[in-house]
Amino acid sequence: MNITVVRFDPTKDKEPYESTYDVPWFERMTALEAVAYIYENHEPIAFDYSCHGRSCGRCGMTVDGEPKLTCIAPISDGDHTIAPLKGYPVIRDLVVDQSGVQKLTSRLYNRVQTHTLSKDEINTFDMENYEKIFQISWCTRCGRCTSDCPAVAADPEYVGPMSMLATAYRYYDINDQADRVVEALNNGLASCIQCGNCTTVCTSKELDHVTYWKQILAEAKERGLHSDL
Ligand code: SF4
Ligand code: SF4
Ligand code: FES
């Protein structure tokens with residue numbers, strides 16, 4: 001099969017260009033294995049991966065227009081195009097720079113003004129909130145949902161679903177004392193059109209993104225925090 005790779009080295013290329021490689025297909029081949037074949041048998045294209053199993057989130061690429069976690073994305077026998085994840089600066093070929101969004105996400109995950117729970121708070125703790133925290137902890141921070149979010153494309157102020165999950169995580173955390181509803185609005189959640197694309201592209205099927213967005217926005221509406229809600 002032919003695999004076309006969108007290549008770019010910002011230190012010497014004026015713009016991205018395509019190179020096509022002949023790759024022998026085998027049963028259950030993944031997109032990452034196709035890229036690795038090119039690296040080992042044709043030329044050293046730049047790409048990133050680590051765990052080979054849905055844990056590290058480093059192997060995200062755009063395969064035939066879709067953001068895929070390539071270590072677990074099967075590739076069919078036929079012609080395909082593999083490009084870097086959309087929406088991030090390209091470091092080289094299939095490696096993108098997510099440092100800005102990753103730093104922001106780490107900062108949002110930080111607990112703010114934690115306090116010791118009283119007996120009453122422990123006894124009345126809503127286990128559904130705990131379940132949501134557990135779901136969100138499956139996020140591998142691969143960045144694909146933010147790469148493919150129409151609200152991010154339309155509103156540069158929106159931090160995107162990956163970072164918004166950090167806010168949602170602390171929103172459900174009873175120990176966290178920050179106002180995460182205000183934080184979500186300040187980071188653009190009102191621009192979310194609730195299309196569900198973040199859930200569709202996400203390989204961590206434990207997550208239910210739109211449920212979190214709806215709950216935070218409903219509270220914002222109830223508190224009269226945003227004129228468009
Ligand atoms: S929510 Fe899913 S797609 Fe988005 S960063 Fe986390 S693991 Fe990746
Ligand atoms: S539901 Fe909202 S956050 Fe998710 S992809 Fe759609 S616009 Fe983006
Ligand atoms: S290589 Fe780690 S998630 Fe794909």
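## Basis of the description

A residue is taken to lie near a molecule if its C-beta atom, placed from the backbone, is within 6 Å of that molecule. The model described here is predicted, and local features therefore need pLDDT of at least 70 and side-chain atom pairs pLDDT 80 or more, while totals for chains, interfaces and linings use all residues. Residues are numbered from 1 along each chain as its sequence is written, and chains are lettered from A and ligands numbered from 1 in the order in which they are written.

## The shell around ligand 2

Ligand 2 has 14 residues around it, of which Cys149, Ala151, Cys192, Cys195 and Cys198 come nearest. At least two residues of this shell are supplied by each of α6 (150-154), α9 (197-201) and α10 (209-222), with helices (H or I, at least four residues) and strands (E, at least two) being DSSP runs numbered from the N terminus. The most is given by α10, with three residues.

By class, the shell around ligand 2 holds ten nonpolar, four polar and no charged residues; Ala, Val, Leu, Ile, Met, Phe, Trp, Tyr, Cys and Pro count as nonpolar, Asp, Glu, Lys and Arg as charged, and the others, Gly among them, as polar.

## The shell around ligand 1

Around ligand 1 there are 15 residues, and Cys139, Cys142, Cys145, Met162 and Cys202 come nearest. Two or more residues of this shell come from each of α5 (144-147) and α7 (161-171), and α7 has the largest share, three residues. The shell around ligand 1 divides into nine nonpolar, four polar and two charged residues.

In α1 (residues 31-41), the residues Ala31, Leu32, Ala34, Val35 and Ile38 are buried, a residue being buried if 20 or more other C-beta atoms lie within 10 Å of its own, exposed if 12 or fewer, and partly exposed in between.

The buried residues of α1 pack against β1 (2-7), β2 (17-22), β3 (60-63), β4 (66-69) and β5 (80-83), where contact requires C-beta atoms within 7 Å. The face turned away from the buried side carries the exposed residues Glu40 and Asn41.

## Nonpolar cores

A nonpolar core is a set of buried Ala, Val, Leu, Ile, Met, Phe, Trp, Tyr and Cys residues joined through C-beta atoms within 7 Å. The largest has 31 residues, among which Leu165, Ala168, Leu189 and Ile216 touch the most other members, and its largest share, seven residues, comes from α7. A second, separate core of 23 residues includes Ile3, Ala34, Ile82 and Ala83.

Note on methods: Contact = placed C-beta atoms within 7 Å.
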